[in-house]
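Subject: Structure for you to look at, with notes

Dear colleague,

Please find the structure below, followed by notes that go through it topic by topic.

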Amino acid sequence: MAEDFEVKLEKKAYIPAPHYLANSALGNYKEAYNKFTSDPDGFWDEKARELKWMRPWEKVREWNHPYARWFTSAKLNITENCLDRHVNNGRRNKLAIIWRGEDGREEVLTYRQLYRSVMRFANALKSLGVQKGDRICFYMPFVPEHVVAILACARIGAIHSIVYAGFGAEALHSRIRDANAKIVITADVGKRRGKTIPLKSIVDDAVRNAPSVEKVIVLCREKCPLELYSELEVDFYGIQEGMSDECPAEEMDAEDPLFILYTSGTTGSAKGIVHACGGYMVGTHYTCKYIFDIKENDVYWCSADPGWITGHSYIVYGPLSVGATVVITETTPDYPDYGVWWSIIEEFGVSIFYTAPTAIRMFMRVGEEWPNKYDLSSLRIIGSVGEPLNPEAFEWYYRVIGKNRCPILDTWWQTETGMHMITTPLGMPMKPGFAGVPIPGVFADVVDKDGNPVPAGQGGLLVIKGPWPSMMRTVYNNDERYRKYWTQIKDYYTVGDLAVKDDDGYIMILGRSDDIIIVAGHNLGTAEVESALVEHEAVAEAAVIGVPDDIKGQAVKAFVTLVQGYEPSQKLVSELTYHVRMSIGPIAMPNAIEFMDKLPKTRSGKIMRRLLKAKEMGIDPGDISTLEE
Ligand code: 6R9
């Protein structure tokens, strides 16, 4: 990478009201961080002790690069912390889950009800022959039973592998095969934007030539009872009939796998990221308590799906481990209209809301009259995850949703990290465009390709220096791919993102390093240029790629979608080009700008630049199983 990778940094900061810091579980960031660095093992030891274990650990960690073991020889079951602990400690009748279906139907489960449902389903799984260590593949809509089934797997030590129920049969098939799943759990249908999606028939295709599958469990939502055609199929509630609702928690070693979650690689097949019971539990509990600052009376809503790591860590395991009331919903943000999410916040009194930049930018495009129709005064904290939250989107989110009052937690992390890694903890000044600082518990830095820290203002590669409890343990069936993360830059964990720090140590994420654009020897992160484009009032979303250029090596090509009311024109192209020139410099000026109705995105809302690039260059795009249609 070139040395002169300068990044223009914003100077603006927002100061949160003092009570956020005064009441926060984390307290003063610097103090907490210093406490961590002075004794990292002691720090995690203390955090782990807040949870229930069946047997304590011998050592907090054993680090044998690139392999870590956390809480050695300790025994636990994560569901004891998500369920038993609350049922036995005064939260028995507290709402654990509030569900809202697309048709407006609602269901609620108290902690006690959830506990009983989990144990009953766990017994049903056992009756099908499921044992500790067996893999169970999910292809479920987002209904309460989804959460029940996840926890039931964890209860008996079965390893879940959740596949988002928007993927096609082939993606599902390859994930079932890779994990050798014994059971597939699905439903007859999913609902999305008023349409009924026949999940079961997709599963029918996917389990062909998947000899490991012994049973397909089907939840009936429509024409019940289900007609089950093959010997393979059983009914979700049918198998629970007569089952006891008591099921002791399986004793799990801290290092036993809890789940596999497939994440798309840039090239080649999806990677099965493996997380371990003990460290993952500690990491997700810690961040829910100390970063999200979830309190007894909070109503917490994360708009992700359980099919993503965000759903695993911040819908299911983390929030339930702190005993929160969690809102879940099958709704999309634009159906039946753009007000549905804001109505959910108003009706349930959501106090912590966690969503993705792609949703925020969509709401910006359609106008603030939608959220303004609803009372959002219950909100206390608003969060973002998944992509860089560009300054334009930050300001809109802060003003229109947070009413200039709620701190924004822009949390940077990955499927591989399991938990939040970088954010702006409550009480600290928030800088639009910057995710923030490494949270206590995490050593992160921005370095050059040899691992030397780069000075403030200079772009480089984001790395994590040393292990953390909720780090992935391996890539399923492919440990080689795991080792690669830890052997590219010194002995650091290579994140694969570009970033820059400012003088205060705040980190701005500039995009994936695979997507880097090198113009005349200057490195440009995609986020920088996209952010500049989105600043323009006509632009809703932007994606940029590097295309070959005879003179400059690479040139910037931009793809943009427009805010409602704007039309593509040559004049707008010139205006946008000029705008980028003024905000970043001539080097970043796009050579070409293409107007699009929609940008290609993953189903979790991330822009797929490599697809744009492959199309532009007429090359193979690699794995596109995660693409939204
Ligand atoms: C949790 C999740 C990980 C990649 C990551 C980065 C991007 C996530 C971000 C962010 C900027 C943030 N990313 N959070 N970029 N700011 N707050 O999204 O996991 O699906 O594995 O994606 O997403 O590029 O490397 P995952």
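A disulfide is counted here wherever two cysteine sulfur atoms form a pair within 2.5 Å. The model is a predicted one, in which local features need pLDDT of at least 70 and side-chain atom pairs count only at pLDDT 80 or more, while totals for chains, interfaces and linings use all residues. Residues are numbered from 1 along each chain as its sequence is written, and side-chain values use heavy atoms, with hydrogens and water left out.

**Cysteines**

By that rule the count comes to 1 disulfide, which joins cysteine 220 to cysteine 224 with an S to S distance of 2.2 Å. The link of cysteine 220 and cysteine 224 is left-handed, with -105° about the S-S bond. To describe how far a residue is covered, I use relative accessible area, where buried means under 20%, exposed means over 50% and partly exposed is in between, computed with a 1.4 Å probe on protein chains only. Cysteine 220 has a value of 17% and is therefore buried, whereas cysteine 224, at 44%, counts as partly exposed. Cysteine 82 is in no disulfide, and the nearest cysteine sulfur, that of cysteine 288, is 9.6 Å away; cysteine 82 is also buried, at 0% relative accessible area. Cysteine 137 is likewise in no disulfide, with the nearest cysteine sulfur, that of cysteine 153, 10 Å away, and cysteine 137 is buried at 1%.

**Aromatic rings**

Rings of Phe, Tyr and Trp (for Trp, its six-membered ring) pair if their centres lie within 6.5 Å, and planes under 30 degrees apart count as stacked, over 60 as edge-to-face and the rest as tilted. The structure holds 43 aromatic pairs. One of them is formed by tyrosine 14 and tyrosine 398, a tilted pair with 4.7 Å centre to centre and 55° between the planes. This pair links distant parts of the chain, as tyrosine 14 is in the segment before helix 1 (18-22) and tyrosine 398 is in helix 14 (residues 391-401), 384 residues apart. Helices (H or I, at least four residues) and strands (E, at least two) are DSSP runs, numbered from the N terminus. Both tyrosine 14 and tyrosine 398 are buried. The rings of phenylalanine 259 and tyrosine 280 have their centres 5.0 Å apart and their planes at 85°, so this pair is edge-to-face. Because phenylalanine 259 lies in strand 14 (residues 257-263) and tyrosine 280 in helix 9 (residues 277-290), the pair ties together parts that are 21 residues apart in sequence. Phenylalanine 259 and tyrosine 280 are both buried.

Ring pairs also link a cluster, whose members include Tyr29, Trp44, Trp53, Phe71, Tyr286 and Phe443.

**Domains and cores**

The domain assignment, whose bounds come from an automatic or database source, gives domain 1 (5-77 + 258-511), domain 2 (109-250) and domain 3 (516-617). The C-alpha centres of domain 1 and domain 3 lie 27 Å apart. Contact means heavy atoms within 4.5 Å, and 23 residues of domain 1 are in contact with 26 residues of domain 3.

A nonpolar core is a set of buried Ala, Val, Leu, Ile, Met, Phe, Trp, Tyr and Cys residues joined through side-chain atoms within 4.5 Å. The largest nonpolar core has 158 residues, of which Trp53, Phe71, Phe121 and Tyr317 touch the most other members. This core draws at least three residues from each of domain 1 and domain 2. Leaving aside neighbours within four places in sequence, phenylalanine 121 is in contact with residues including Val148, Ile185, Ile217 and Phe236. A second, separate core of 32 residues includes Ile344, Phe348, Ala393 and Tyr398.

**Two places to look at**

Helix 3 (residues 40-48) has as its buried residues Phe43, Trp44, Asp45, Lys47 and Ala48, and what covers them includes helix 2 (29-38), strand 2 (67-70) and helix 9.

Leucine 409 lies in strand 20 (residues 408-410) and is buried, with a relative accessible area of 0%. Not counting residues up to four places away in sequence, leucine 409 touches, among others, Ile291, Phe292, Ile381 and Leu426.

With best wishes
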